[in-house]
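Dear colleague,

I am passing on a structure for you to look through, and below it I have written down what was found. Please keep it open beside this message as you read.

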Amino acid sequence: MEIVYPMRASNYNGEVFSQIAQCRLCETRFSQGVLAHEPRPVVWAAPEAKILIAGQAPGLRVHHSGRPFDDRSGQRLRQWMGLSDAEFFDQNLCAILPMAFCFPGYNAAGHDLAPPAICAKTWRDRALKALPQISLTLLIGSYAQAWHLRDGLRVSDRLRNWRAYGENSFVLPHPSWRNTAWIKRNPWFETELIAALQARIGQIRKMAYDPA
């Protein structure tokens, strides 16, 4: 059952992220998993953010550190975006909203479980409404793309047609090193898509840090 939290319109933005940080909807689910871990929502967002990074879910390392993309995938994502660590983790510039805020756990084979659908159902619309200044959205991987685009396409098809989403929305594969082979087979990804992404982020960064 979805938990509904009462919110006052006047301080909606200030409340929703703290409520997410306290969420325990999946406590029973996680306790019965392979690792028997507890929920730890990783919330990284502020109402002033200009760039939305929509991903999948925290991994085990992020579950322990409490900082999103605090791993090799995050290093690659920052390279793609052309941002320093300080800029990437500046919550007034970047909001990181995965499809699930907690590490979902592993299956019996040791692979990451899918983000529980109840997380997006409960929180996603509210969290997005709390980010009124977003001017660029990065949709990373199949789960975020499926929720936001609802077009039934595969990630590879969306990537080939990336220009169709305009300058304010970019589709990206997960920056995992498991996708290195695909990136090497598709050099246009870095020479065209990433070049356009960095140019757009450069515009936003300049407005955020040097508005004059």
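The largest cavity is lined by 14 residues, and those nearest its centre are Cys23, Cys26, Phe101, Cys102 and Cys119. Here a cavity is, on a 1 Å grid over the protein atoms alone, a set of points where a 1.4 Å probe fits but cannot get out, a pocket is an open set with protein on both sides within 12 Å along at least five of seven lines, and lining residues have an atom within 4 Å of a point. The volume of this largest cavity is about 100 Å³, where a volume is the space filled by probe spheres set on the points, and grid points are joined across faces, edges and corners. Its lining divides into 13 nonpolar residues, no polar ones and one charged, counting Ala, Val, Leu, Ile, Met, Phe, Trp, Tyr, Cys and Pro as nonpolar, Asp, Glu, Lys and Arg as charged, and the others, Gly among them, as polar.

Please bear in mind that this is a predicted model, in which local features need pLDDT of at least 70 and side-chain atom pairs count only at pLDDT 80 or more, while totals for chains, interfaces and linings use all residues. Residues are numbered from 1 along each chain as its sequence is written, and side-chain values use heavy atoms, with hydrogens and water left out. The mean pLDDT (the predictor's confidence in each residue, from 0 to 100) of the protein chain is 92, and 93% of its residues reach 70 or more.

The largest pocket has a volume of about 900 Å³, and of the 36 residues lining it, Ser73, Asp112, His174, Ser176 and Arg178 are the closest to its centre. By class, this lining holds 20 nonpolar, twelve polar and four charged residues. Helix 8 gives the most to it, with three residues; helices (H or I, at least four residues) and strands (E, at least two) are DSSP runs, numbered from the N terminus.

Turning to the strands, an open sheet of four has the order 2-1-3-4 with parallel pairing, where two strands pair if DSSP finds at least two bridges between them. Its edge strands, strand 2 (94–96) and strand 4 (169–172), each pair on one side only. Strand 3 (residues 136–140) and strand 4 are joined in the parallel sense over four bridges, and Phe170 in strand 4 is the bridge partner of Leu138.

Best wishes
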